[in-house]
Amino acid sequence: MGVINVLDKHVAELIAAGEVVERPASAIKELIENSIDAGSTDVTVEIQNGGITFMRVTDNGCGIMREDVKLAFLPHATSKIKLENDLDKIATLGFRGEALSSISSVSKLQLLTRHKNEEIGTSYEINGGEEISLSDAGCPVGTTMIIRDLFYNIPARMKFLKKDRAEGNAVANVLDKVALSHPEVAFTFIRDGRQVLKTSGDGKIKSAIYSVYGRDFANGLLPVNYELNGVKVQGYISKPVNARPNRGMQNFFINGRYVKSVTAMAAIEEACKGSVMVGKYPACVLHLSIPFEAIDVNVHPSKIEVRFINERPVFDAVYHAVKTCLNNNDERKSITFGGQARNDAFSDIRKPKPFSPSGFKLNDEPKEKKTDNPFDELDKIFGSAKSPISVTTNVASPTKLSDIYPKESVRRQENLNNKIEQIKERKQPEDTTIVYDSKPIVSENTEQKPQNIIPDLPEEPSYDTPKITEEVSDEEPKTLYEEPENKLRLIGEAFKTYIFVEKNEKEIVIIDKHAAHERMIYERLKKERGAGFSQMLLQPVTVLLNKSDYDAAINNLDMFKECAFDVEDFGNGTLIVRSAPQYLNLSDVESSVIEMAGYIAQNKNDIRSEKMDWIYHNVACRAAIKGGNISTDEELMDIANKLDDDPTLRYCPHGRPVCVVMSRYELEKQFGRL
């Protein structure tokens, strides 16, 4: 007896449905694409309980003729293609004829439609692939799809669905992408009775971005419009200063279809090199128009990936489009001098008033014509040999300090010089006496008290004059901190980054203060799990995320809590941060939360400790003192002492060494003392 079975129609449809309909968001995506292909200009999507129990998609498209209603729910029934050659020039979002058949086989579906050439609409009900009824209905031109109890007949698939909130966020993510891909269509999204998205449908990409991501994100974008080798690139890219910690906000659309394109991603990041900080990624909404025969969209079940016949024209078009945009909007070209912006840094230097020393009078010469060479102005100011300043004077050329300082300084200098000359003319005894703190100390050759003591001079500025007295104290100079005996002695700091410490007069320890502080914070976070390391923000920070990262974040808010972040759900893809780790700059709060949310979303299968370990790394790195920051001696010694007390702190969380030790023997060997 053979072992190969031919599956019946119902089982085959259930298997096919599993490839197309994975969750409520998959069904919504297929229905919206059908609405757009039908020429709709207004689409409304409504869900309840994440779409598991109720979904409704209403459009004002051309509708479905009554005679085609039943055919539309058959497998591989489509109006988009007829012949084999049609696959080479697909211009619609849907074309396989699998959506309605797959959705109806795993749900309870009701269709209300009216074709533009018909006066009466049609109502059609089908449950689990079985027809229930077909009747007349009163409805406007267009189509309404109502889906209830998704996967009600497949319990095995039902148990793999996520919580209602997670499924609802997935649907919201689909709406965001579709709204950005088709700004000419007005989209409305109602979630559990509350409207969360409304686009204008005015055909402007900027308007769609504003509706989806908000005002702040939209205001930080630069327009892109470029065409090369038949590939047209339009849309917006974020300003370099608004780059984000991950690629979550990179949106690419090819011929109106949202896709994930590694080619376009590599091109945009290559173009941003030198403009965007390392470790940051530009956000974008870019629409690519490519000849239909140059791409293949039938390579992925969800049609989210495409294949190019030749990737080079696509890469070049995106690269040059972004590069041109950044060059045209490069703010570094304009340098402001005197309140006016000039591309040439020397074109608008304000000429200062020439300094006139005492006894000099500048000639009243006519103004010369302005030359094209900007350095001529500088030569005049600083008295270059090419353009000397002509002067008239009744005294000799300046050779004394009094000739080049103002009158007040000259008067003080003359008084000081006179007093010095008077002191020099006095006859000093052979054994001189030096005054220290007004207490005479007699030299060893005599026990007599000094007869002539140099008088105290008034406080006058000294210009290269010899010092007359020295004041010293018998007390040892006080330091800013107490040095423990036989411990560490601070030598200093190099490049505002490396601490030099002498240990027990035997070794010199060179410490990277950022790496050391980072390791200390990391160990504290890991030990206390964020407790006592949080501080309330004076003004809460809102963080905008794409819907997938947003869903990951709100489902793991306790993980942020353990990292000293107090994060709450602010709705519609936004988090609000009320507390953050100590020492974390306010500008780093948003990027830290974005990085954490993105990492959690990409590593959902990782065990909890690995996630937390990465987050501790990230928080410690951002909260630690940075190289180049000015630190006091107390701060430097505190780092050195803690590092000396704990021998395990030898590497930062990223594996870099914290300190380098050089012995006295090695140092003396370098100088040839051994």
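1. Asp296 and Arg307 form a salt bridge through their side chains, at 3.6 Å from N to O. Asp296 belongs to strand 14 (residues 295-296) and Arg307 to strand 15 (residues 307-308), so the pair ties together parts that are eleven residues apart in sequence. Asp296 is partly exposed, with a relative accessible area of 29%. A salt bridge here is a side-chain nitrogen of Lys or Arg within 4 Å of a carboxyl oxygen of Asp or Glu. Buried stands for under 20% relative accessible area, exposed for over 50%, and partly exposed for what is in between (1.4 Å probe, protein chains only).

2. On the basis of these values: this is a predicted model, in which local features need pLDDT of at least 70 and side-chain atom pairs count only at pLDDT 80 or more, while totals for chains, interfaces and linings use all residues. Residues are numbered from 1 along each chain as its sequence is written, and side-chain values use heavy atoms, with hydrogens and water left out. Helices (H or I, at least four residues) and strands (E, at least two) are DSSP runs, numbered from the N terminus.

3. The structure holds 22 salt bridges. One of them joins the side chains of Arg66 and Asp136, at 2.2 Å from N to O. This pair links distant parts of the chain, with Arg66 in helix 3 (residues 66-72) and Asp136 in strand 5 (residues 130-137), 70 residues apart. Arg66 is partly exposed at 33% relative accessible area, and Asp136 is partly exposed at 48%. Asp136 also lies 5.9 Å from Ser123, C-alpha to C-alpha, the two being 13 residues apart in sequence.

4. Which residue of helix 13 does Glu493 tie to another part of the chain? The partner is Lys513, whose side chain meets that of Glu493 in a salt bridge of 2.7 Å, N to O. Glu493 lies in strand 22 (residues 488-494) and Lys513 in helix 13, so the bridge ties together parts that are 20 residues apart in sequence. Glu493 is partly exposed at 28% relative accessibility, whereas Lys513 is buried at 0%. Elsewhere, salt bridges that share partners join Asp588, Glu595 and Arg622 into one network. Side chains of opposite charge can pair when their charged atoms come close.

5. Helix 13 covers residues 513-528, 16 residues in total, and reaches 22 Å from its first C-alpha to its last, close to the 22 Å expected at 1.5 Å a residue. The expected span is 1.5 Å times one less than the number of residues. Buried residues of helix 13 include His514, Glu518, Arg519 and Leu525. Asp512 caps the N-terminal end of helix 13, with a side-chain oxygen 3.1 Å from the backbone nitrogen of His514. After helix 13 comes Arg529, which has a positive phi, near 55 degrees.

6. Helix 2 (residues 24-37) has 14 residues that should span 20 Å at 1.5 Å a residue, and its end C-alpha atoms are 20 Å apart, which agrees. Helix 2 is mostly covered, with twelve of its 14 residues buried. Among them are Lys29, Glu30 and Glu33. Gly39 follows helix 2 and has a positive phi, near 85 degrees.

7. How many cavities of 30 Å³ or more does a search of the whole structure find? There are three. A cavity is a set of points, on a 1 Å grid over the protein atoms alone, where a 1.4 Å probe fits but cannot get out; lining residues have an atom within 4 Å of a point. The largest cavity holds about 60 Å³ of space. Ten residues line the largest cavity, and the closest to its centre are Ile90, Ile254, Asn255, Arg257 and Phe292. By class, its lining has seven nonpolar, two polar and one charged.

8. The second largest cavity holds about 40 Å³. Helix 6 (164-181), strand 8 (194-198) and helix 7 (205-213) each supply at least two residues of its lining, and helix 6 gives the most, with three. Lining residues include Asp176, Phe189, Lys547 and Asn572. The lining of the second largest cavity divides into six nonpolar, two polar and two charged residues. Ala, Val, Leu, Ile, Met, Phe, Trp, Tyr, Cys and Pro count as nonpolar, Asp, Glu, Lys and Arg as charged, and the others, Gly among them, as polar.

Note on methods:
A polar contact is a pair of N or O atoms within 3.5 Å; within protein, one must be able to donate a hydrogen and the other to accept it, and residues adjacent in sequence count only if both atoms are side-chain atoms. On a 1 Å grid over the protein atoms alone, a cavity is a set of points where a 1.4 Å probe fits but cannot get out, and a pocket is an open set with protein on both sides within 12 Å along at least five of seven lines; lining residues have an atom within 4 Å of a point. Grid points are joined across faces, edges and corners, and a volume is the space filled by probe spheres set on the points.
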